[in-house]
Amino acid sequence: MNKKEYIEKADKNLLHVYNRFPVIFDYGKGVHIYDELDEEYLDFASGIGVMAFGYGNEDYEEALITQLKRITHTSNLYYHVPMIEAAEKLSRASGMDKVFFTNSGAEAIEGALKTAKKFAYTNKGPGDYEIIAMENSFHGRTVGSLSVTGTEHYREPFYPLMSGVKFATFNDFGSVLANLNDNTCAIIMETVQGEGGLYPADKEFLKKVRELCDDEGILLILDEVQCGMGRTGSMYAFQQYDIKPNILTTAKALGNGVPIGAFCVTDKVAEQSLVPGDHGTTYGGNPLCTAAVSQVFDMFEEYKLIEHVNKISAYLEDVLDVFVAKYDFVTERRGLGLMQGLVLTIPVKEVVSKALLEEHLVVLSAGKDVLRLLPPLVITENDVDEFKEKLEKIFDSFL
Ligand SMILES: *Cc1c(COP(=O)(O)O)cnc(C)c1O
C-alpha cells in the first residue's frame, strides 16, 4: 500500500479527533525518525516529551526485550520485581514516599484528585470538597483531569464535569486566595505550564502557595507529567524551587515510550487517604512498563543525563535567543531547560506544518502563539546546529 492508501484507510477506521499531519513514521534512530520512504526527520518534539533517550536505544530495548520474554502482565493482585524496583527508584528521584503506577498522565491526575478528596474526607469527614486549579493549565482529557484543565473550550462540550473546581490565575497569589474557602482540599498546578504556552511558575508564587497549603492543611498537587523527568534540568522541576508537593504526578518520559504514569505522595498523605478498595487499575504498573521505568532511571545515572541537559539547554537557549534578536516576529523565548518556547506573531500552526513537511523538522505548538520545543534529552550540539539551520530556513521564508 502507498501512503495515500494508508491515510485513506486510517481516516475510514480511526475516530477523527486529531487532524494528523500527512506523514507516516516508521522507525527511529537517535534523535532522528524516518518515514515509510526512509526519509529522515530531526525530532525536536519527542512524541510530546516522551522519548527522552531518543529512538532505538539498545540498552533500553534490551531491558524491555528481556522483560517481554519473562512476563508482561500479572495484575496488581500479586507482587513483581520490576514494579518494586521502579517504585524505589521513582521515590528516590522525586523525594516522595509512596507510588501508584497508572497507564497515562490523565490517570495519574485522576488518582491525585481522588487522593486529595480522600485526605480531606479522612481528616474532616464527608463534605463538598473543592479544588483550586489554574487558568491556562492542561491536565488531560478524562472527565476528572478535564475538570481541572483551564481551557474553557476543552471543557464546555462535556458539562457537567466534576463539581467544586475553581480556577485561579497562574502566578497570581491574590487570585488563589480569592478562590480559597473552608471546602478547599487541594491546589493543583503544573510547575511549568506546557500546553498552555511554556510558563514556569514564579519562585515567589509557588513558595506562597506552599505556605498557604501548610497553613490551611490542604494539599499541593504538582503536575509534572510534561515538565518532569529531567526535562527542565532537574529530575523534577519543583526541585529547583526549594519546596515539595504533597502529591506529584509524572508520566510522558517516565517510560520513554511505553505507556506509564504515576502519582506519588508523602507518607503523611498515604497514611490519611487511599486504603485498599479505594483505587486500582488492571494494567497500571505492569512488569513490562515498570521494567522500562527502572531502566530509564538507571540510564539517567549512567548517562549523567541531568548534567547533560543543563549544558545542552544553555547551548539551545543561545540559538533561540539569536532568533529572538534576528526576527521581528519572534518576540520572546520562554521555558526551562529543554522545555522551550518561542512566542511568534506569525501563525504557529503554519510554522509547525512547514517545518515538518518542508524541512523535515518535527516541532510542536503550545497555546495560541508559541512554538514549543521538547527535544530528546540526549541531543548534542550537532543536533542543535541542524535544528538551527532548518528553523532558520523556515523563518526566512516568512520574511
Ligand atoms: C500530557 C499531559 C497530561 C496528560 O497525559 P496523558 O498521558 O496524555 O493522559 C497531563 N498533564 C500534563 C501537564 C501534560 O502535559
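Biologist: Which residue stands opposite Val-99 in E12?

Modeller: Cys-264 does. This is a predicted model, where local features need pLDDT of at least 70, side-chain atom pairs count only at pLDDT 80 or more, and totals for chains, interfaces and linings use all residues. Residues are numbered from 1 along each chain as its sequence is written, and side-chain values use heavy atoms, with hydrogens and water left out.

Biologist: What makes E4 and E12 paired strands?

Modeller: Two strands pair if DSSP finds at least two bridges between them. E4 and E12 (residues 261-265) are joined by five and run antiparallel, so they qualify as a pair. Strands here are DSSP runs of E with at least two residues, and helices are runs of H or I with at least four, numbered from the N terminus.

Biologist: What is the strand order in the open sheet?

Modeller: Its seven strands follow E4-E12-E11-E10-E7-E5-E6, with mixed pairing. E4 (98-102) and E6 (165-168) are the edge strands, as each pairs on one side only.

Biologist: How do you know whether E10 is covered or open?

Modeller: Buried means under 20% relative accessible area, exposed over 50%, and partly exposed in between (1.4 Å probe, protein chains only). For E10 (residues 219-223), five of its five residues are buried, so the strand is mostly covered. Leu-219, Ile-221 and Asp-223 point one way, while Leu-220 and Leu-222 point the other way. E10 runs parallel to E7 (residues 184-190), with five bridges, and parallel to E11 (residues 247-250), with three. Leu-222 has Leu-248 in E11 as its bridge partner.

Biologist: Why is Tyr-18 called exposed?

Modeller: Its relative accessible area is 58%, over the 50% limit, so Tyr-18 counts as exposed. Tyr-18 lies in the loop between helix H1 (3-13) and strand E1 (25-29).
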